[in-house]
Amino acid sequence: MASSTCKLVTRIAMATAAATLVALPLQLVPTHAQGQSFGDRLYHDKADCQFCHGVNGDGHGDPRSPGKAPNLHATKLTRDQLIEVITCGRPASEMPHFDKYAYEDKSCYGLSAAELGKNMPPDPHSTPLTKREIEAVTDYVLATFVGK
Ligand code: HEC
């Protein structure tokens, strides 16, 4: 290899390495700048769980919110059970079902909307969530409130 080619290859390699070093911190910036995690935003904004369960998950939501939303710090539910209650709501209570299609089949507690009648959990006052969003808000609740 002629020495000029050799120098060129070295330069390209160094330039690539430098570009990678510069690009890395830049990629991290958006995550830090946002501050709030996806689950956090779902809890406080998009799904508005805080309206009933409180900003800090302690059950002290807006006094006008319906039902007596429990303190999430004290829940004994497992991750799967949390996902179930957020997906399906709680029959005969104000806890909404965040899965839009809950009770269209019998995947929630083996019950259909027809069987539940007036005990059907309400639709959210905010918005339904996807499976991925339900998992994200569950993991946020687990990491931030449960047992803390
Ligand atoms: C309209 C008010 C309201 C909203 C909005 C609401 N909840 Fe609830 N939630 C309740 C009530 C009331 C209960 C108690 C149900 C019962 O009587 O068993 C409950 C129960 C729960 C439980 C079961 C706790 C336990 O230990 O049994 C979990 C977990 C929960 N909510 C999480 C959430 C999450 C996460 C959101 C947002 C995605 C949310 N809730 C939105 C009112 C609400």
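The briefing below starts with the basis of the model and then takes its topics in turn.

This is a predicted model, in which local features need pLDDT of at least 70 and side-chain atom pairs count only at pLDDT 80 or more, whereas totals for chains, interfaces and linings use all residues. Residues are numbered from 1 along each chain as its sequence is written. Helices are DSSP runs of H or I with at least four residues, strands are runs of E with at least two, and both are numbered from the N terminus.

**Ligand shell**

- The ligand is surrounded by 26 residues, the closest being Cys49, Cys52, Gly67, Thr75 and Met95, where a residue is near a molecule or strand if its C-beta atom, placed from the backbone, lies within 6 Å of it.
- At least two shell residues come from each of α3 (50–53), α4 (79–88) and α6 (131–144).
- By class, the shell has 17 nonpolar, five polar and four charged residues, with Ala, Val, Leu, Ile, Met, Phe, Trp, Tyr, Cys and Pro counted as nonpolar, Asp, Glu, Lys and Arg as charged, and the others, Gly among them, as polar.

**Cysteine 52**

- Cysteine 52 lies in helix α3, and it is buried because 20 other C-beta atoms lie within 10 Å; 20 or more count as buried, 12 or fewer as exposed, and values in between as partly exposed, with C-beta atoms placed from the backbone.
- Apart from neighbours within four places in sequence, cysteine 52 is in contact with Gly61, Ser65, Gly67 and Ala69, contact being C-beta atoms, placed from the backbone, within 7 Å.

- The axes of α2 and α6 come within 8 Å and cross at roughly 95°, the axes being lines fitted to C-alpha atoms, for helices over the stretch in contact, with angles from 0 to 180 degrees between N-to-C directions.
- The two helices, α2 and α6, are therefore roughly perpendicular to each other, since angles under 35 degrees count as roughly parallel, over 145 as roughly antiparallel, 65 to 115 as roughly perpendicular and the rest as oblique.

**Positive phi values**

- Alanine 92, in the loop between α4 and α5 (113–116), has a positive phi of about 60°, and it counts as exposed because it has 11 C-beta neighbours inside 10 Å.

Technical notes: Contact = placed C-beta atoms within 7 Å.
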